[in-house]
Amino acid sequence: MNPFNEDNLIEQPVIRLLSELWGTDGEMDFVNAYTDEGDAKLGREHQGQVVLVSRLRTTLEKLNSSIAKSAIDDAIEEITKDRSKMSMVKANKEIYELLKNGVKVDVVSGDGTRDVETVRVIDFDNPENNHFTLVSQMWILGDMYKRRADLVGFVNGLPLVFIELKAAHKNLRDAFDGNIRDYKDTIPQMFWYNQLLIISNGLDAKMGSITSGFEHFSDWKRISDEEEKGRVDLETLLRGMCDKTRLLDIIENFVLFQDTNKGMIKLIGKNHQYLGVNNAIKSFEKREENNGRIGVFWHTQGGGKSYSMVFFAQKILRKYEGNYTFLVVTDRQELDKQIYANFAGVGAVLEPEEMVRASSVQKLRELLTEDHRNIFTLIHKFQLQEGETEFPVLSERSDIIAMTDEAHRSQYDTLALNMRRALPNASFIGFTGTPLISGEEEQTKSTFGDYVSIYDFKQSVDDKATVPLYYDNRIPELQIDLESLGQDLGTVLETFELDDDQEKKLEREFNTEYHLITREERLNTIARDVIEHFNSQGNDGKALFVAIDRPTAVKMYNKMKTQPNCPDIAMVMSSTQNEVDDFRKLGLDIETHRRRMINEDLEKKFKDVNDPLKIVIVCNMWLTGFDAPIISTVYLDKPMKNHTLMQTIARANRVWGAKTNGLIVDYIGVFRSLKKALAIYGARGDEDAKPIKPKTELVNELRGVLGELDKYCSEYGINIVQIGEAVDFEKLALIENAVDAILTDEESKNEFLTMSNRATSLLGAIMPDPSASEFFNVVKLYRVLAERVRILTRKDVNVEDVADAIEELLDNAITAEGYVISEDYKPYDLSKIDFEKLRKYFEKNKRKEAEKLKQSLKEKLEELVRLNPTRQKLVEQFEKLLSEYNSGSKNIEEFFEALMKFAESLNDEEKRGVREELIEEELAIFDLLYKEDLKENEIKEIKKVAKELLKTLKQTAFVLDWRKTQQGRAKVLVTIKDVLYDELPEPYDEGLIESKTSKFWICV
């Protein structure tokens, strides 16, 4: 007997484990059907029969004891009827509906009346009421072929679980390519019933559905808790999925059928979705004690967040009593459209789009007074209508569940407050694809509750739910070639005779990198590089190019099209009023592009692997709410940070075909501020890192500020209550009188603006908590007064003419160098960086870094003051911007390499003292005395010297206040010299000993 063959090493342990999971008091219905004798135990009429009818009948009679046996016979006939004329997936869907919802049968009563009864097929609420059978080596006969299945799991006589095993030395893909694909063609009737496909070689194991390609089979690495350390093995998958309760939960609540342009596919919830949704369900059960806060559900982009929303809503509708309505709230049109399409595509919404998507403010209000299972809306539909001063209550139902997508972006302002006014008894859960940033985190939690599930970028890559993202820096360096730039700039400024206010406005206008980023020569360099880079990749993927703004996007299109071998490219951007004239003034044509956007379905063409459209240029569209797994490369030439950056790069992380990774090509330097980004990302549970005040404190503080404003208004004769109650022209007149009073002098104006700004800021921090309602109107009035004051005191300066002159000068002065790739350069796998370790380091050291920055800025400011450059200021500003820009174009590879090595070296350095058998003080002395090229025995001598020197100093020289007396300092110095001269080995000559003594003396 071979102990290492497939049967002994893998199949038998699986049988024993499933016996443990499925057995009752250690017993399980198990059949080895390899022989005719064994197969006979199944009670099949022939080997083409895949349903164990006798077991099915027994269980149906048990689960439906009040239903006539004739109805049971009809149900069995419906379940087992021939579905060979249907596609496999449609047959599977039809049977799945019978499993989940029961079989409808006609029943004729004694008096001749006809009724419809529902025959339950599975008792999902009581797993022990079902019959579990495991069959090994089962022969199945198809129309032309006969195949033998390794293991089939039957529930109530139905083959719901199919397990294909390979020997440990075989590639896992062999189980799919060599067997599963063949079985689906040769014995399709087995897969009409299947709910779970498992493939394993004992070491690796994956699960999928009958429509999954191998790339969509996934690991199941955690059994019952997200905090578990993930394990990829067959035992973890079987315990996590095939335990009776979990298996029936997955079948009942985590299976979806989706219509796609390539036909219907079957989706099974992945490990992170199953655990995350069930965590959210537990929090849903406690929503009343948590004041309607269900929690925050953070699953990284590409992790199937919208399907998790479907699983969450569908399970509540099925498992909990109540007439629930799920209000799905987004903040962008494309997201609203996509999320409705996802719900409708899997059958979670059966009503037409116009019946459940709020097309207007009034439509939303109507929908919330009607009975719908799902309503979809933009947060912007919660706005006041004409004549309203406060948003009305639309529904007092407590069974409305608001599911907010990208919860952190738009949920703290007036619209969110209006939503909570409209639905005072609703419950709220926030879904997000990005982590919450410090400061924002507490505000989100106070609105939605704590995290209920976390599935981050690294976990997603590790689980192969998304592909790794690689980062490639290709920033073209900029240089000032025109030596006379300062003089020429001065001439331009003097020609236009600007006053101080106009100069300040001009400085603000040019105080960003925009004017450097949009230089013609730089854009030419990037356009050439994009086309060369894309053509050199040699794959079927497609690319997005993200431009800084709309005019630059059109320029980039024009420049790319002039490059050799440019593929078909297009632009996608929203339309605006007057865009034709606005672009024409810039010498650009938008009409051609707009016509193509209208006449062609660019989204469909872009997603089609066979369509020649390869690159799409965007600014904001398609960066969120756009799922195209075919995207392999994202070219970034737009400054981004935090959520927007993460959402944008995630366009390339979807699994697709043979795609092994996504590539982020950076022309702008989005990772230049990596230290800063890591420092601001909040650590969960670290309260010290989140100095956020409770909202009760903020409310009290706002009351105090409003009290000060009331006192101010009384002093200046302003009646705020009267202004608030006045209407029409009377209100306008009172506002103007109040502004006149505020503008009595500069001091009174500044005092009012300071208090008004503080009140506005505090109200924003409190929003959308209902407690904000009390203050909303009065703060809004103060804001109106403040803005009116600013308008009257702000000098309207037009610097367009001088700005155009400077732009022309910059075009002549600034040149772009191409990005040169070193021979050994490789792009960086972002998922391999230990961001958590680095974040902790930078969090710990950010005060020191801030102090360094403050000092350098202080020195720079002193230098500027000394020079007193009246006309040189803009030149210095450009030089500073160039320096900051170029800091991202050089040595970015070394920076990433250093970060990764540093992350690995932290622990190593902590352990070095233990490894060298030295305490920290001895290790410090050893490092000071160490020199290159020491032999092993000499290193041991140095360690002894370090220990001896520390011991001697502590015993004889380190007396109290030794540094304060000349005698004390001399004794320490003599002791150091004596030990080093006497004890250091031969390679240390007199000169080296003197040098080491001096270094050590300085440190002491």
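This note sets out numbered points on the local architecture of the structure above.

1. Basis of the note. The structure is a predicted model, in which local features need pLDDT of at least 70, side-chain atom pairs count only at pLDDT 80 or more, and totals for chains, interfaces and linings use all residues. Residues are numbered from 1 along each chain as its sequence is written, and side-chain values use heavy atoms, with hydrogens and water left out.

2. The open sheet. Six strands form an open sheet with mixed pairing, in the order β1-β4-β5-β6-β7-β8 (strands are DSSP runs of E with at least two residues, helices are runs of H or I with at least four, and both are numbered from the N terminus; two strands pair if DSSP finds at least two bridges between them). The edges are held by β1 (29-32) and β8 (205-208); each has a single partner strand, so one side of each is left without a neighbour in the sheet. Direction ignored, neighbouring strands of this sheet are turned by 25 degrees against each other on average (axes are lines fitted to C-alpha atoms, for helices over the stretch in contact, and angles run from 0 to 180 degrees between N-to-C directions).

3. Strand β1 pairs with β4 (residues 132-141) in the parallel sense over four bridges, and F30 stands opposite L134 in β4. Helix α8 packs on the sheet, where it touches β4, β5 (146-155), β6 (158-165) and β7 (196-200), and its direction makes about 60 degrees with that of β4 (contact means heavy atoms within 4.5 Å).

4. Helices α7 and α8. The axes of α7 (residues 234-242) and α8 (residues 244-253) come within 5 Å and cross at roughly 70 degrees. That makes α7 roughly perpendicular to α8 (angles under 35 degrees count as roughly parallel, over 145 as roughly antiparallel, 65 to 115 as roughly perpendicular and the rest as oblique). R239, G240, M241 and C242 of α7 meet K244, R246, L247 and I250 of α8. This contact of α7 with α8 has four nonpolar, one polar and three charged residues (Ala, Val, Leu, Ile, Met, Phe, Trp, Tyr, Cys and Pro count as nonpolar, Asp, Glu, Lys and Arg as charged, and the others, Gly among them, as polar).

5. Helices α8 and α10. Helix α8 also packs against α10 (residues 305-319), at an angle of about 105 degrees and with the axes 10 Å apart. The two helices α8 and α10 are therefore roughly perpendicular to each other. D249, E252 and N253 of α8 make the contact with F311, K315, R318 and K319 of α10. By class, the contact of α8 with α10 comprises one nonpolar, one polar and five charged residues.

6. The β9-β10 hairpin. Strands β9 (residues 255-260) and β10 (residues 263-268) pair in the antiparallel sense over six bridges. They form a hairpin with two residues between them, and T260 stands opposite G263 in β10.

7. Residue R55. R55 lies in helix α3 (residues 53-63) and is buried, with a relative accessible area of 14% (buried means under 20% relative accessible area, exposed over 50%, partly exposed in between, with a 1.4 Å probe and protein chains only). A polar atom of the R55 side chain lies 3.5 Å from the backbone oxygen of L42. Neighbours within four places in sequence aside, R55 is in contact with D29, V31, K41, L42, H131, T133, N156 and G157.

8. Positive phi values. Most residues other than glycine have a negative phi. N291, which is not a glycine, has a positive phi of about 55 degrees; N291 is found in the loop between α9 (271-285) and β11 (293-299) and is exposed, with a relative accessible area of 62%. N578, also a residue other than glycine, has a positive phi near 65 degrees. N578 is found in the loop between β20 (568-572) and α22 (579-585), and counts as exposed at 58% relative accessibility.

Terms used. Polar contact = N/O pair within 3.5 Å; in protein donor to acceptor, adjacent residues only side chain to side chain.
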